[in-house]
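Here's a quick briefing for anyone meeting this structure for the first time. Have a look at it below, then read on for helix packing and cavities.

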Amino acid sequence: MKKHLPAVLFLLAAALIWWLSLAPRRHQVPVAEGAKPRVVTSGYVPYTLAKQLSGGLADVTMLLPANAEPHSFEPTPGALVTVKNADIFIYVSDRIEPWAKDVLSSAGEQTAVVQAAKYAASSDDPHVWMDFQNAKQIARAISFALVQKDPSHRAEYEAHLKAFEKELAELDAAYQTGLASCQSRQVVHVGHLAFGNLTKNYGLSLSALAGSSHDGENSVRRVAELIRFIKDNQIRAIFTEETLSPRLSAAVAEETGAQVLPLYTVEHVSKDDFDRGVTYGELMRRNLDSLQRGLGCQA
């Protein structure tokens, strides 16, 4: 019997590991019956999607203050506690939110984590939600997490997802039609490279003052190059982010005579828009309107 003991112990250990693998992990365990899932998001992109997809069935909060810059945000001790108590934490990626790794280390055992960029197509531009197909895949991941935590409302969550996917299809069709015939296809953005995925999908060219974040300074040389480009190509309109200071775009406009129009990155919004609960779809419709006006597109 003794010579067979190691083999018996091995089989028992293997059986125990197999049994434990069948047990649900803590982060997959649903919330208590009648309780709302506590969803915490990094910034406005996952916040507005989670709000729309939950339809009031979850308590959704955001770590990033309205109108704050997501790339350089520093989480407070209170933010770490909020994530520790969350049922679901949603963020975009380490490139967009380099501080997310500090937050993740404080997540509770019950916290399901959704990294949105994992569900998007690979791209040099980290602003993956600017592609409607990516937005659909991200929405599906968020909806799945909601269902896992609150299975009693599966039908409602699936209905909200279906409605959002329909809205995305309508947005894509509107962009295809609205940007098909334009006097110019050159988007000059006096801001950072946040619209590469959007412009690429609809055959537009993008020139931006800065890189993929606001961390770099706008050098005098780069501003001069942009002004020269606008004049040489007779650009009639330039675009800027609504939440940025208007001084730089106003100076470029004064030098070139170009009209200034807003574009919305969705990653951070004004306090008024936040209080009003502006949606992803609404911001993307605003972007289409600005692009059509600035590029001289036929309706």
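Helices are DSSP runs (H or I, at least four residues), numbered from the N terminus. This is a predicted model, where local features need pLDDT of at least 70, side-chain atom pairs count only at pLDDT 80 or more, and totals for chains, interfaces and linings use all residues. Residues are numbered from 1 along each chain as its sequence is written, and side-chain values use heavy atoms, with hydrogens and water left out.

**Helix 8 and helix 9**

- Helix 8 (residues 220-232) and helix 9 (residues 247-256) have axes that come within 10 Å and cross at roughly 45 degrees.
- That makes helix 8 oblique to helix 9; angles under 35 degrees count as roughly parallel, over 145 as roughly antiparallel, 65 to 115 as roughly perpendicular and the rest as oblique.
- On the helix 8 side, V223, I227, I230 and K231 meet L248, V252, E255 and T256 in helix 9 (contact means heavy atoms within 4.5 Å).
- Sorted by class, this contact of helix 8 with helix 9 has five nonpolar, one polar and two charged residues. Ala, Val, Leu, Ile, Met, Phe, Trp, Tyr, Cys and Pro count as nonpolar, Asp, Glu, Lys and Arg as charged, and the others, Gly among them, as polar.

**Helix 2 and helix 6**

- Helix 2 (residues 44-54) packs against helix 6 (residues 154-178) at an angle of about 125 degrees, and their axes are 7 Å apart.
- Helix 2 and helix 6 are therefore oblique to each other.
- From helix 2, L49, Q52, L53 and S54 make the contact, along with Y157, H160, L161, F164 and E167 of helix 6.
- That contact of helix 2 with helix 6 divides into five nonpolar, three polar and one charged residue.

**Cavities**

- Two cavities of 30 Å³ or more are found in the structure. On a 1 Å grid over the protein atoms alone, a cavity is a set of points where a 1.4 Å probe fits but cannot get out, and lining residues have an atom within 4 Å of a point. Grid points are joined across faces, edges and corners, and a volume is the space filled by probe spheres set on the points.
- The largest cavity holds about 60 Å³ of space, and its lining includes E241, Y264 and H268.
- About 50 Å³ lies in the second largest cavity, with W129 and E267 among its lining residues.

Terms used:
Axes are lines fitted to C-alpha atoms, for helices over the stretch in contact, and angles run from 0 to 180 degrees between N-to-C directions. Helices (H or I, at least four residues) and strands (E, at least two) are DSSP runs, numbered from the N terminus. On a 1 Å grid over the protein atoms alone, a cavity is a set of points where a 1.4 Å probe fits but cannot get out, and a pocket is an open set with protein on both sides within 12 Å along at least five of seven lines; lining residues have an atom within 4 Å of a point.
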